[in-house]
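I opened a new page for this protein.

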Amino acid sequence: MNRLSGSMITQQMYTRERRGVYRSTEGFDTVAKSESLDNNFVKKILHPFCLYDAPAELTARGEKDEELYPAALHLFHTESNETVIGESRYLAADFTGQRSAFFAHNFVVPPIRSEEIVEGYGSWLHAGFARSYEGEPGGTLPELESIPVATRELDVPSDPRSVLSGLGFTEELFKALLQAVMLSVAGKKKIYVTLDVPISELSQRAVRLTEVLFAALPYDFRRRLGVITYAKEPQSRKYIHLTFVEKGSLRPGDRNIEKDYIFDLAGARFLNTDFGESRQIYADLAWKTLVEKGGSLRDFAKFADSLLLGESTERKLSLALYNELAVFYEIEQGNEALYTDNKNAILSGLLSYLKPEGKLDSRVRLNDMFLERFDREYDLIRKKGIPSVEILEQFKAYYALPGHNYRVKIIDYFINGMLNCQSGGREDVLAAAYGIIESDAELSEAFFKKVLSQSLFRRALFEPYLESRLAAAAGTADILRLVGHFGRSLPEVLQQAAVRDTFKEYLLEKLQRELEPVAAVTAVHEAVQQAEKQRRRGGVYPEALSVMEELGTVADRFLLNRISLDELTMEQLLEISFLRYRDTADWQPPLDAIAKRKANALRAAYRWFGEESPDEEIFAGLTPRELDDVQLLGARWLKEARSLEPFDRLPLAFYHSSEREGGPLDYDALLDLVVRKAGNDKETVYRFLDWSQHSWLFASSGKKLWPNYKRAVLRYFLKSDREAFKNREFRKTHLDTATPAMQTVYNEARAQLASPLARWVSRSRFQILISGSILGIILIAAVILLSQLGGRGKDTAAPVASPSPLPAVTGQAAVAAPVSVRLIGGGNNGGDTGTGGNAEGGAGSGEAGKKNGVKLLFSFTDAAECSAFKPERIGVESASGVTDYEVKATVSSCQVAAGAGVEGDAKGEAGAGADGGAKAEAGAGVDGDAKGEAGAGVDGDADSGAAASPAAAGTPPSRVYEVTVELSAGAKLAAGDMITAGRYSLKLAADPGSAPEATATAAPSAEPSASASPEADTDAE
């Protein structure tokens, strides 16, 4: 060989010398090596294996004979694929002659020649190693073309059977060792073996056993196995799987080796060598072949190696894989029983090697084996045999492989086998066969095309198949999927009228069983729509889509007949597909009278509840009976609905016709439904009234409601909502914003709800105005006259004044209370009841009553307390509860005395003088506000007290300071209420000028006067 090719075998020798290649002093070192051998390789790979521990048995007796010490042969493979074959031998004396040593000799086979071990392992295991180095230390060794082979001893048996029996290996023990070696090479566990032989023969006998193991191993294990034929103690070493050790070194309980494979033949102890009871086919084959005379596993090894080209290392080292290949090999060699016992596993295993691309051609032996099995199975079918489902699965898988010409034969196998199942009553196998065929589109298409090409096959296999598939369909979706399946694989089948009719019959049968027919038919249409989308993308054939559309029509007709209007829900109605696109005239064949009536009603109902803002046009063309049907349906849904809003759909349930006298709707029934559904929520009724006034169904014109609707609205207020017009929010939100037509009805309703007096005032408005004017003139004249008479002398009686906040005087000086409070006028508490005044007060000016709030007069005897009194809120505790009011304004009079003169101050006490305060209200208006004043005094101030003049009593009055407080609008107070203002809690005194039972309030009267027109009503408020 060419030395430059890198194919030469290099050498290295190692022992104890005066100096070596890597050291200049005496000691163990490499003493010679081939020049091309890498120094790092020598130091890192070879040196760790250059060692020798003498057997304890020999050292114990001080044995000096070198020949009795076993040589330690090692063979291993590195990561870079070099193979090392070496031997370490005991030396009784080193170069000094004074101490023992050892000599190691290694051959290094380059990666390019590592494959030689596959066949040449025997020569390598019997390499001729040097026993010593005779040259100068540090010398160079030649590179070799081949490893020298030592002469074998003639007295040592070489055939495997003799070697194994001589060492005490039984069949089971050898199989266990073989499997342990294969598992060790594939994994991480080590194998330790002791042989029951003399120590001097250990290495030699270990080499023989290793040679037998190499012969029994597949090629990939031969390429990787590492072995040492002698070691003093079990020790895990890199690259080494199998180690032979001295007897007695495998001690029980040694935790360093308890997980490894232990074969202690000397001590008859075996650990981790039980590989289960299942049959190990490869081990059986190896044993059977090795013990036969002239037997060899070479053919199997080549067979296996050819099948595993390109496979991963993990797969190549799988024991299970070699068990499988051993079965194939034995079947190929004629052991047919292995196939008969497990047909499915054999065929499946063969397919696993044939499925990868191109393997049909490269694995010819396995392909031939599979086709031979197929031919045997076909012969059984020809003899009326029943095919196995598992076998059918395997032949289906082979059918899908490219590059073979057995497809026609496989189709024939399926047809004949299924006919045998049918005649033999094996419906289970027949059904499974159909399922297998359906699972492969290519096989299904070829099978059914051949079946349909012959009438015998069609009647025997296709028609029963279609019936069985449709009968087994769980629902309508499965039937449509089957249509799609045939559309892809056998579109010509769907062109046959009998097939289409069969699909329709089974669809109706499935729909009859559906608990939710509307949902089921909706699903049918969704499937049809999906198929239409797929057809545009080329996913569904036209034949399949045509059948699906026919099935959709059948489903619609079924649903139309099945639906009960009395049980139909709105949700179901809106799901019905044919209502969206199919008019009554579109049904083919045409509908009968009953179905047509139902279809028209459903169509109108769909428009009613499916469209936005429906109107009476949806009823166009309906017969009176159809109109009744749809209105009964809609009315039921409206009654069941949680809310009536939006109101657009509501009137249609009560529609009669546009020519109906008094209005097109049944307004009484309509409002009854609205009131009933609204319950206590009157605002819903008001919103309905607001909405209705803008629809022609309720208003015949902009200024007039339909008479029947007007009557229904009046009936509602008189019967169900008499307090509506007393509600400020109602008047502001609904009454004031109503159209003129609704305003008229509201005014009429309010007039009918008013009190008798208010209704009389409304009817006699002009007469009251004239009478009031005359009465006002008389009163003014009377006041002027009394004022003149009072000024003529002291004996003339003064007008009756309002009581003072001070205590009454009884023949002695009056003593004022520290703090007191009373109601005062200002449009809040009435005087005398004037003509046209309301029940709570005088007939004062209506405008004053609206603008002013309730006023309280706080009187103090201390000027400082008066000045400090500036409340922001006033609390009122009355019989109806506690209320808190905001203070609108305060006016203080803490610097002026409440004197009693002829000239009364505007905010002081109104004495008996002729000139009272300027705030008195003297009008007796016809439309006076409920809170207006109707003072009848001469010049009495409405905001003043009417205390008797102290001078008249002959006692000087105490000095009084006052604060007038005006509360916010809406405040309601009555004499006797407890007033809380700041730190004061006072009992409210009545206004001396008010009616005894008057109650002050800033709100309008709760009972408005009746009026004949909206303008009059507005003034009354």
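These are my entries, in the order of looking.

**Ground rules.** I am reading a predicted model, where local features need pLDDT of at least 70, side-chain atom pairs count only at pLDDT 80 or more, and totals for chains, interfaces and linings use all residues. Residues are numbered from 1 along each chain as its sequence is written, and side-chain values use heavy atoms, with hydrogens and water left out.

**Cysteines.** I looked for disulfides, taken as pairs of cysteine sulfur atoms within 2.5 Å. The count is 1. Cys866 is joined to Cys894, with 1.9 Å from S to S. I noted -75° about the S-S bond, so this link of Cys866 and Cys894 is left-handed. Cys866 sits in helix H37 (residues 863-868), and Cys894 in the loop between strand E17 (881-893) and helix H38 (950-953); the pair therefore ties together parts 28 residues apart in sequence. Helices here are DSSP runs (H or I, at least four residues), as are strands (E, at least two), numbered from the N terminus.

I then checked burial: buried means under 20% relative accessible area, exposed over 50%, partly exposed in between (1.4 Å probe, protein chains only). Cys866 and Cys894 are both buried. Cys50 is buried too, at 5% relative accessible area. Cys421 is buried at 1%.

**Surface patches.** I used residues with over 30% relative accessible area and no salt bridge, joining like charges within 9 Å and nonpolar side chains (Val, Leu, Ile, Met, Phe, Trp, Tyr) within 5 Å. A salt bridge is a side-chain nitrogen of Lys or Arg within 4 Å of a carboxyl oxygen of Asp or Glu. Areas come from the Shrake-Rupley method with a 1.4 Å probe.

A patch of negative charge gathers Glu463, Glu467, Asp501 and Glu505. Helix H20 (455-472) and helix H22 (497-513) each give two or more residues to this negative patch. Glu505 belongs to helix H22 and is exposed at 53%.

Phe766, Ile770, Ile774, Leu775, Ile778 and Leu779 make a nonpolar surface patch of about 560 Å². Leu775 is in helix H35 (residues 765-790). It is partly exposed, at 31% relative accessibility.

**Backbone.** Which peptide bond is cis? I found the one from Glu645 to Pro646, with omega near -5°. Pro646 lies in the loop between helix H28 (624-640) and helix H29 (667-678).

Ala268 is not a glycine, yet its phi is positive, about 55°. I placed Ala268 in the loop between strand E10 (261-264) and strand E11 (269-271). Ala268 is exposed at 59%.

Definitions and conventions: Lys, Arg positive; Asp, Glu negative; His and termini not counted. Charge placed at Lys NZ, Arg CZ, Asp CG, Glu CD.
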